[in-house]
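These are my notebook entries on a structure that I went through contact by contact.

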Amino acid sequence: ALNDDAEGWTTVTGNQGSIFLKEGVAFKVIKETILTESFDIEAPKEEARKIQQSTRKLKPGEIVDLRAPGRKQEDTGLTRMKCKVRSDGTVGYLTSIGNTGIKFVEVI
């Protein structure tokens with residue numbers, strides 16, 4: 001769930017054919033950005049190296065599936081969202097909107 005980060009199961013389609021959930025939202029990278037394991041990209045010096053080693057550059061044209069909607073990181077002003085890269089299955093957080101309003105992804 002978005003408000004408490006709980007994970008679990010849900011029913012997609014009921015036994016009478018009612019649809020409760022639709023297929024996820026996909027985004028296309030329009031400006032190079034990075035994918036990190038952690039939502040928070042600001043870190044103490046000892047953790048900065050680990051974050052740098054675990055980042056992956058996302059190139060324009062790559063497609064990602066939304067896993068959790070964007071949230072604003074208060075100390076940096078960046079909006080970051082959790083996603084899964086279609087090409088290799090990597091899951092992580094990307095910057096969707098920069099602190100100056102630049103968009104890095106668009107809904108497809």
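**Entry 1: Arg 86 and its partner**

I began with Arg 86, which counts as partly exposed because its relative accessibility is 48% (buried means under 20% relative accessible area, exposed over 50%, and partly exposed in between, with a 1.4 Å probe and protein chains only). The side chain of Arg 86 meets that of Asp 65 in a salt bridge of 2.9 Å, N to O (a side-chain nitrogen of Lys or Arg within 4 Å of a carboxyl oxygen of Asp or Glu). I noted that this pair links distant parts of the chain, since Asp 65 is in strand E4 and Arg 86 in the loop between E5 and E6, 21 residues apart. Strands here (E, at least two residues) and helices (H or I, at least four) are DSSP runs, numbered from the N terminus. Asp 65 itself is buried, because its relative accessible area is 18%.

Before going on I wrote down the ground rules. The model is predicted, so I kept in mind that local features need pLDDT of at least 70 and side-chain atom pairs count only at pLDDT 80 or more, while totals for chains, interfaces and linings use all residues. Residues are numbered from 1 along each chain as its sequence is written, and side-chain values use heavy atoms, with hydrogens and water left out.

**Entry 2: the other salt bridges**

How many salt bridges does a search of the whole structure find? The search gives 5. In one of them, Arg 56 pairs with Asp 88, with the closest N and O atoms 2.9 Å apart. Arg 56 lies in strand E3 and Asp 88 in the loop between strand E5 (78-85) and E6, so this bridge ties together parts that are 32 residues apart in sequence. I listed Arg 56 as partly exposed because its relative accessibility is 22%, and Asp 88 likewise as partly exposed, with a relative accessible area of 42%.

I then looked up Lys 59, which forms a salt bridge with Glu 32, the closest N and O atoms being 3.2 Å apart. This pair also links distant parts of the chain: Lys 59 is in the loop between strand E3 (56-58) and strand E4 (63-73), Glu 32 is in the loop between E1 and E2, and they are 27 residues apart. Lys 59 is partly exposed at 42% relative accessibility, and Glu 32 is partly exposed with a relative accessible area of 36%.

**Entry 3: an aromatic pair and a charge**

I searched for aromatic pairs and found that the structure holds 1 (rings of Phe, Tyr and Trp, the last by its six-membered ring, pair if their centres lie within 6.5 Å; planes under 30 degrees apart count as stacked, over 60 as edge-to-face and the rest as tilted). It is formed by Phe 39 and Tyr 93, edge-to-face, with 5.8 Å centre to centre and 75° between the planes.

Is Thr 33 buried or exposed? Thr 33, which I placed in strand E2, is buried because its relative accessible area is 8%. Leaving aside its neighbours within four places in sequence, I found Thr 33 in contact (heavy atoms within 4.5 Å) with Arg 56, Lys 57, Leu 58, Leu 94, Thr 95 and Phe 104.

Asp 40 lies in the loop between E2 and H1, and I listed Asp 40 as partly exposed, with a relative accessible area of 34%. Asp 40 and Gln 73 are 33 residues apart in sequence, and their C-alpha atoms are 7.2 Å apart in space.

**Entry 4: the chain as a whole**

I counted 1 helix and 7 strands in the protein chain, which follows the pattern β-β-α-β-β-β-β-β along the sequence. Buried residues make up 29% of its 108 residues.
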